[in-house]
Amino acid sequence: MAVRIEIDKDSGFCPGVVSAIRKAEEELDKSGKLYCLGDIVHNSKEVERLKQKGLVTITHDELRRLHDVKVLLRAHGEPPETYRIAKANGIEIIDATCPVVLKLQQRIKKSYSAAGRPQIVIYGKLGHAEVNGLVGQTDGNAIVVEGVEGVDNIDFSRDIVLYSQTTKSLEGLQQIEAEIRRRRPQASFECHDTICRQVANRMPRIRRFATEHELVLFVSGRKSSNGMILFNECVSANPNTHIIFSEDDILPEWLDGISTIGICGATSTPSWLMNNVKKKISDILADR
């Protein structure tokens, strides 16, 4: 029986990640070494590939100790404090902040500086790199809400301006907006849909893709927030979906009696990794 194996054409790096990796590789090709503040992408396999080319991942504490070097800021963006440290230490910044994230940072900063200084609420994952950069635009005063239950932390006597981390789900943002409106804030309330459509549009597409196959293998990094969101979309559309981190995680018994296999991934999943998965599946089937 011939088995059809298809890689989802809409999966893989988003434009922001593509740009960050391109900038890293251009510098590595010139100098052979570059520092990156945090994992350049939430996929350990891609991080390891770039490490072999000379990319050194550092923490914020390590950044403070560096002087007169080049440091890449990844697509997630950084708070103003990072730029101040870099300037003080003579560090040359290669800024790969995603344009969508950069625009969101600017909007939040403008809202925070508005007359009356409204309460900034961010729907996002606490501690996520992008969220840290967004909170930094408010001198650390923004309230991060991970779900409807987090609305309890909002002061409803103050003006409220709600934004979203770019990779969160539209449904989640709508639930939080509805809950805030239900509680009828005494002051004004604004909700800004700042979800990246490059990510949001993948949800209906990946659901369709998952329904077109008997088995779906979702390839993602363990740290990818976006990966878990898209994986859950796949599972809801096709319960016979497995999340894997590389081709080594494939169990041969998953392929038993299967005639169509779909391979898809997160916005942080490199295409070469999905191709490795396809090759491993082909090799397993060829040995039968």
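Predicted model: local features only at pLDDT ≥ 70, side-chain atom pairs only at ≥ 80, totals over all residues.

Modeller: Two strands count as paired if DSSP finds at least two bridges between them. Four bridges join strand 10 to strand 11, so by the rule of at least two bridges these strands pair.

Biologist: What makes strand 10 and strand 12 a pair?

Modeller: Strand 10 (residues 215-219) and strand 12 (residues 260-265) share five bridges in the parallel sense. The rule asks for at least two, so the two strands are paired. Here Val219 stands opposite Gly265 in strand 12.

Biologist: Which strands stand at the edges of that sheet, and why are they called edges?

Modeller: The open sheet has four strands in the order 1-12-10-11, with parallel pairing. Strand 1 (4-7) and strand 11 (241-244) each have a single partner strand, so one side of each is left without a neighbour in the sheet. The twist averages 20° from one strand to the next.

Biologist: How do you know how strand 10 is covered?

Modeller: The term buried applies under 20% relative accessible area, and five of the five residues of strand 10 are buried. Leu215, Leu217 and Val219 are buried on one side, and Val216 and Phe218 on the other. Both faces of the strand are therefore covered, given that buried means under 20% relative accessible area. Helix 10 (residues 225-237) lies across strand 10, strand 11 and strand 12. The direction of helix 10 is at about 160° to that of strand 11.

Biologist: What is the order of the strands in the sheet that contains strand 3, and what leaves strand 3 and strand 5 at its edges?

Modeller: That open sheet has four strands in the order 3-2-4-5, and the pairing is parallel. Strand 3 (55-58) and strand 5 (92-95) each have a single partner strand, so one side of each lacks a neighbour in the sheet. On average, neighbouring strands of this sheet are turned by 35° against each other, direction ignored. Helix 1 (residues 15-31) packs on the sheet, touching strand 2, strand 3, strand 4 and strand 5. The direction of helix 1 makes about 165° with that of strand 4.

Biologist: How many bridges join strand 2 to strand 4?

Modeller: Two bridges join strand 2 (residues 34-37) to strand 4 (residues 70-73), which run parallel. The rule requires at least two, so these strands pair. Cys36 stands opposite Leu72 in strand 4.

Biologist: Why is Gln137 called buried?

Modeller: Gln137 has a relative accessible area of 10%. Buried means under 20%, so the term applies. The residue lies in the loop between helix 6 (129-136) and strand 7 (143-145). Leaving aside neighbours within four places in sequence, Gln137 is in contact with Glu78, Pro79, Pro80, Gln105, Ile108, Lys109 and Tyr112.

Biologist: What makes one space a cavity and another a pocket?

Modeller: In a cavity a 1.4 Å probe fits but cannot get out, whereas a pocket is open. The largest cavity holds about 310 Å³ of space, and Cys14, Val17, His76, Thr167 and Thr267 lie nearest its centre. The largest pocket holds about 230 Å³, and its lining includes Tyr123, Lys168 and Arg207.

Technical notes
Residues numbered from 1 in each chain as written. Heavy atoms only, no water. Axes fitted to C-alpha atoms, helices over the stretch in contact; angles between N-to-C directions. Contact = heavy atoms within 4.5 Å. Buried < 20%, exposed > 50% of the residue type's maximum accessible area, 1.4 Å probe, protein only. 1 Å grid on protein atoms, 1.4 Å probe; cavity = no way out; pocket = protein on both sides within 12 Å on 5 of 7 lines; lining within 4 Å. Points joined across faces, edges and corners; volume = space filled by probe spheres on them.
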